[in-house]
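Colleague: Please take a close look at one part of this model, the charged side chains that pair with one another, and then describe the packing that can be followed from there.

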Amino acid sequence: MSQKGSYSIVVNQAKKSIDMSVKGTFTPQQAESFHKDYQSKVASINASNFVLKVDCKDMNIITQDMLPALEVSFKMYKESQFNKVEFIIQKSPVVKMQLNRIARNTGLLNSEVVEV
């Protein structure tokens with residue numbers, strides 16, 4: 001059984017980063033509230049001076065029904081114009097490939113998948 005989705009978004013002014021954590025699998029409703037929270041947090045900063053760090057270590061493998069919401073998220077990251085976007089994952093060739101493909105498809109060119 002897959003873990004229920006949850007997230008946190010913390011603006012770290014001192015480090016000039018937004019530290020996000022994404023866990024489990026999101027429902028469409030959770031994805032929608034994540035997008036609203038994300039937009040309100042990012043509106044308070046000049047994103048081009050910040051790095052977006054997304055901790056995906058506890059995220060489940062991306063399913064077909066999660067793809068549309070993830071693509072919306074990636075497009076928002078791109079539109080925010082962060083200096084850099086980092087996705088931190090456990091060693092997983094599948095998740096790495098999925099995140100890289102979504103980044104490519106949405107034009108998020110300043111992103112990197114970091115395996116730990």
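**From the charged pairs to the core**

Modeller: Lys 96 is partly exposed, because its relative accessibility is 29% (buried means under 20% relative accessible area, exposed over 50% and partly exposed in between, with a 1.4 Å probe and protein chains only). The model is predicted, so local features need pLDDT of at least 70 and side-chain atom pairs pLDDT 80 or more, while totals for chains, interfaces and linings use all residues. Residues are numbered from 1 along each chain as its sequence is written, and side-chain values use heavy atoms, without hydrogens or water.

The partner of Lys 96 is Glu 115: their side chains form a salt bridge at 3.8 Å, N to O (a side-chain nitrogen of Lys or Arg within 4 Å of a carboxyl oxygen of Asp or Glu). Because Glu 115 belongs to strand 5 and Lys 96 to helix 3, this pair ties together parts that are 19 residues apart in sequence (helices, H or I, of at least four residues and strands, E, of at least two are DSSP runs, numbered from the N terminus). Glu 115 counts as partly exposed, with 25% relative accessibility.

Glu 115 also meets the side chain of Lys 91 in a salt bridge of 3.6 Å, N to O. This second pair links distant parts of the chain, 24 residues apart: Lys 91 sits in the loop between strand 4 and helix 3, and Glu 115 in strand 5, residues 111-115. Lys 91 is exposed, since its relative accessible area is 65%.

In total, the model has 7 salt bridges. Another of them joins the side chains of Lys 84 and Glu 86, at 3.6 Å, N to O. Lys 84 is partly exposed at 29% relative accessible area, whereas Glu 86 is buried at 17%. Lys 84 and Glu 86 are linked with Glu 112 in a network of salt bridges.

Glu 112 leads on to the packing, for it is among the residues that Phe 87 touches (contact means heavy atoms within 4.5 Å). Not counting residues up to four places away in sequence, Phe 87 also touches Val 54, Cys 56, Phe 74, Tyr 77, Leu 99, Leu 108, Ser 111, Val 113 and Val 114.

Phe 87, Tyr 77 and Phe 82 have the most contacts inside the largest nonpolar core, which has 32 residues (such a core is a set of buried Ala, Val, Leu, Ile, Met, Phe, Trp, Tyr and Cys residues joined through side-chain atoms within 4.5 Å). Two or more residues of this core come from each of strand 2, helix 1, strand 3, helix 2, strand 4 (84-89) and helix 3 (93-106).

Strand 2 holds Val 22. With a relative accessibility of 11%, Val 22 counts as buried. Leaving aside neighbours within four places in sequence, Val 22 is in contact with Val 54 and Cys 56, as well as Ser 6, Asp 55, Asp 58 and Met 59. The C-alpha atom of Val 22 is separated by 7.4 Å from that of Gly 5, 17 residues away along the chain.

Gly 5 is touched by Gln 30, a residue of helix 1. Beyond four places in sequence, Gln 30 also touches Lys 4, Tyr 7 and Thr 25. Gln 30 is itself buried, at 15% relative accessible area.
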